[in-house]
Amino acid sequence: MATSPVFAVTPRIGIAEVSVANANRDGTTGTYADVIVGASTGTRIAEIVIQASVTTTAGMVRLFITNGVTTRMFDEVTVAAATVSATVKGTRVSTTYNSLILPDSSWKIIASTHNANAINVFALGADL
């Protein structure tokens, strides 16, 4: 057990765009984008934001955690259908996490989109 508490030191933002349709749920088959890689001291992710930049069809953005050897689905985020215009904004979903830690630099979050819609994925957090 640590003798003193560990606090977030350096703010981090991971950014990726997913746009190639990938219906796979294994985290290894198909196209994925790296969202954020952990720091050597660990990285805490407080929130992941999904923001569509184009008209979307109803679907999912899938988030996976991998250490380079094992990859597992961590979360699925529903993407609503929306026809973007001057009066209709693109789909945006924000999910907060209380205990999502990437232990070191071998761990990362990757993402895919079920439908071929251009969607930005932001991981907001800080290195420990």
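Two aromatic pairs are present in the structure, where rings of Phe, Tyr and Trp (its six-membered ring) are taken to pair if their centres lie within 6.5 Å, with planes under 30 degrees apart counted as stacked, over 60 as edge-to-face and the rest as tilted. The model is a predicted one, in which local features need pLDDT of at least 70 and side-chain atom pairs count only at pLDDT 80 or more, while totals for chains, interfaces and linings use all residues. Residues are numbered from 1 along each chain as its sequence is written, and side-chain values use heavy atoms, with hydrogens and water left out.

A pair of aromatic rings is described by the distance of the centres and the angle of the planes. Distant parts of the chain are linked here, as Tyr 32 sits in the loop between β1 and β2 and Phe 64 in strand β4 (residues 59-66), 32 residues apart. Strands (E, at least two residues) and helices (H or I, at least four) are DSSP runs, numbered from the N terminus. Both Tyr 32 and Phe 64 are buried, a word that stands for under 20% relative accessible area, with exposed meaning over 50% and partly exposed in between (1.4 Å probe, protein chains only).

Phe 74 and Tyr 97 make up a tilted pair, with 5.4 Å centre to centre and 50 degrees between the planes. Phe 74 belongs to strand β5 and Tyr 97 to strand β6 (residues 92-102), so this pair ties together parts 23 residues apart in sequence. Phe 74 is partly exposed, with a relative accessible area of 38%, whereas Tyr 97 counts as buried at 10% relative accessibility.

Turning to the strands, an open sheet of four has the order β2-β7-β4-β5, with antiparallel pairing; two strands pair if DSSP finds at least two bridges between them. At the edges are β2 (33-37) and β5 (71-79), each of which pairs on one side only. From one strand to the next the twist averages 25 degrees, with axes being lines fitted to C-alpha atoms (for helices over the stretch in contact) and angles running from 0 to 180 degrees between N-to-C directions. Strands β2 and β7 (residues 108-113) run antiparallel and are joined by four bridges, and Val 37 stands opposite Lys 108 in β7.

Strand β8 (residues 119-127) is mostly covered, as seven of its nine residues are buried. Strand β1 (residues 10-18) pairs with β8 in the antiparallel sense over nine bridges, with Thr 10 opposite Asp 127. Strand β3 (residues 43-52) also pairs with β8, antiparallel and over nine bridges; here Thr 43 has Asp 127 as its bridge partner.

The largest nonpolar core has 22 residues, of which Ile 48, Ile 50, Leu 63, Ile 109 and Val 121 touch the most other members. Such a core is a set of buried Ala, Val, Leu, Ile, Met, Phe, Trp, Tyr and Cys residues joined through side-chain atoms within 4.5 Å. Two or more residues come from each of β1, β2, β3, β4, β5, β6, β7 and β8, and the largest share, four residues, is that of β3. Beyond four places in sequence, the residues touched by Ile 50 include Val 61, Val 77, Ile 119 and Val 121, contact meaning heavy atoms within 4.5 Å.

Gln 51, in strand β3, is buried with a relative accessible area of 19%. The side chains of Gln 51 and Arg 92 are joined by a polar contact of 3.3 Å, that is, a pair of N or O atoms within 3.5 Å; within protein, one must be able to donate a hydrogen and the other to accept it, and residues adjacent in sequence count only if both atoms are side-chain atoms. A polar atom of the Gln 51 side chain also lies 3.5 Å from the backbone oxygen of Thr 91.

Ala 16, in strand β1, counts as buried at 8% relative accessibility. Among the residues that Ala 16 touches beyond four places in sequence are Ala 33, Val 35 and Val 121. Asn 117 is placed in the loop between β7 and β8 and counts as buried at 8% relative accessibility. A polar atom of the Asn 117 side chain lies 3.1 Å from the backbone nitrogen of Thr 57.
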